[in-house]
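Here is a quick tour for someone meeting this structure for the first time. Have a look at it, then read on.

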Amino acid sequence: MSQIELVGEPLLHLESSRLLAEARRVVPEAFDAQGRLLSPIAGSWVHPPAWFDARSPIDGQVLASLPLLSQAQAVQAVEKAAGEFLPWSARSLNARMHAVLDALDSLEDHRDLLVRVLAWDIGKTLPTASNDVDRCLTGLEWYLENIGPMLESRAPLGLVSNIASWNYPFSVLLLNVLVQTLAGNSVIAKIPTQGGGVSLTLAFALMRRAGLPVSLAGGRGKDLSEALVGHPLIAGVAFIGGRANGAEVHRRLRDTNKRYALEMEGVNAYAITRFTDWDGLSRQIRAGFDFGKQRCTAYTRWVVEKSLVPRFVRAYVDAASSLRVGHPLLGGDVDFGPLISASKVAELRALIDDARERGAAVLHEGTLADDAFTPGQSRGSYIAPTLLFGVPRDSELYLREPFGPVDVLMSVDSEEELIREANVSQGALVASVATDDPQLAERLASQLQAFKVGINRLRSRGDREEPFGGKGGSWAGAFVGGTHLVHAFTEGPHALEGNWPD
């Protein structure tokens, strides 16, 4: 039965229960007798001392119970996962490729189940969840085809630890894990705290069946972080998250011999000056709301030449007003669903209220699509697009990545002010310039502190051979993507490109 055929909240909630029953049939080893999920550690399924409820942001209902490993169990998990390194790395590249290919086949066989569980897990629409899973699968196919030259004269590091945010558990976290494994490492990953743990556990179960040396630890950051970052057996760390947590991880790693790649976000800015293609920009604005801007490459800061502000606002309102926000699995034409939790929405609303009290104006505040919810459904995790103008420097939204559909418009009078406001976070992953003047575009782009800069277009993380990183405080350590990802977690003669403390 498809999501579109289901109507009414009881049936929709029943759909999530059916998905978990199907998952239990496919990988029964991942569940205990009460139907709670376990942690796959080095070939064993570890029972934790406690569990926590994973609630779907779609309706606030419990999707499944996830494990909370203790500090002692986290240390044991690292030691057992490290023990898988030598036998795995001793296998030939061809043997590793065959095992990874078996895992890929299994993931593809159960692709639809993974997509649907992921949609409930973190509130994605089915197209968005499908894109996340499919990018992982096609990306792995590309690495399998191209891994040979990337590993020439290189050797794996050992046990690699992955701590990542919840928003792209397949196309980012799982793909990284698979490539690190293909390169000869054993791998341990942490279940993202806010979501994604159910679908990831199912994927790791399928990967373990294929014989891959991958482990997945569930638990609180305070119980797992010391083991997953500081344990002597950890040879490398891949981190994706906010700047505060990332800075703490960096502090603990920079004076060690551990390899690291730390993505720490930043405020991605779109600078607009001497520009006329408003229809084209309106399409970009609309596309930029994918997954409610819960992306590290989402543009949430618009820096606009003063004379163009009225025209920009019209383009923004036209684009944002056409978006439908509601239950992502009811079918129809919902563009994006909930944020990851009701607490995140409450946090954003508090930031908006604070900015307004400090003098900011709300130029656009969208509404939810009333016909895109089931009767009586909780809407606490939903928020519509919002555009703020005149946000003062002492407002938290002036410097902060909101990680949601809340945009800030800055009006500027000069090129110097445009550059300064676009670089406000002192480093970002992406940025863009919109202008009709090609020479001006190149000059402005060269001054933006972002790893990737688009000219009259949005920039994305990229796939396959495209490198990815950040400038300033948005990144620390080795860059990733394509050959860079393989080199980041292997040892060899090639110099590593990255953003280093020196």
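## Two helices side by side

Start with helix α5 (residues 111-122) and helix α8 (residues 197-209): their axes come within 7 Å and cross at roughly 155°. Axes here are lines fitted to C-alpha atoms, for helices over the stretch in contact, with angles running from 0 to 180 degrees between N-to-C directions. That makes α5 and α8 roughly antiparallel (the word applies over 145 degrees). Helices are DSSP runs of H or I with at least four residues, strands are E runs of at least two, and both are numbered from the N terminus.

On the α5 side, the contact (heavy atoms within 4.5 Å) involves Leu 114, Val 117, Leu 118 and Asp 121. Helix α8 brings Gly 197, Val 198, Ser 199, Leu 202 and Ala 203.

## About the model

This is a predicted model, where local features need pLDDT of at least 70 and side-chain atom pairs pLDDT 80 or more, while totals for chains, interfaces and linings use all residues. Numbering starts from 1 along each chain as its sequence is written, and side-chain values use heavy atoms, leaving out hydrogens and water.

## The sheet

Now find the open sheet: seven strands in the order β13-β14-β15-β12-β11-β16-β17, with mixed pairing (strands pair if DSSP finds at least two bridges between them). Its edge strands are β13 (361-365) and β17 (450-455). The twist from one strand to the next averages 20°.

Strands β11 (residues 268-272) and β16 (residues 428-434) run parallel, joined by three bridges. Across from Ala 271 you'll find Val 433 in β16.

Technical notes
Parallel < 35°, antiparallel > 145°, perpendicular 65-115°, else oblique.
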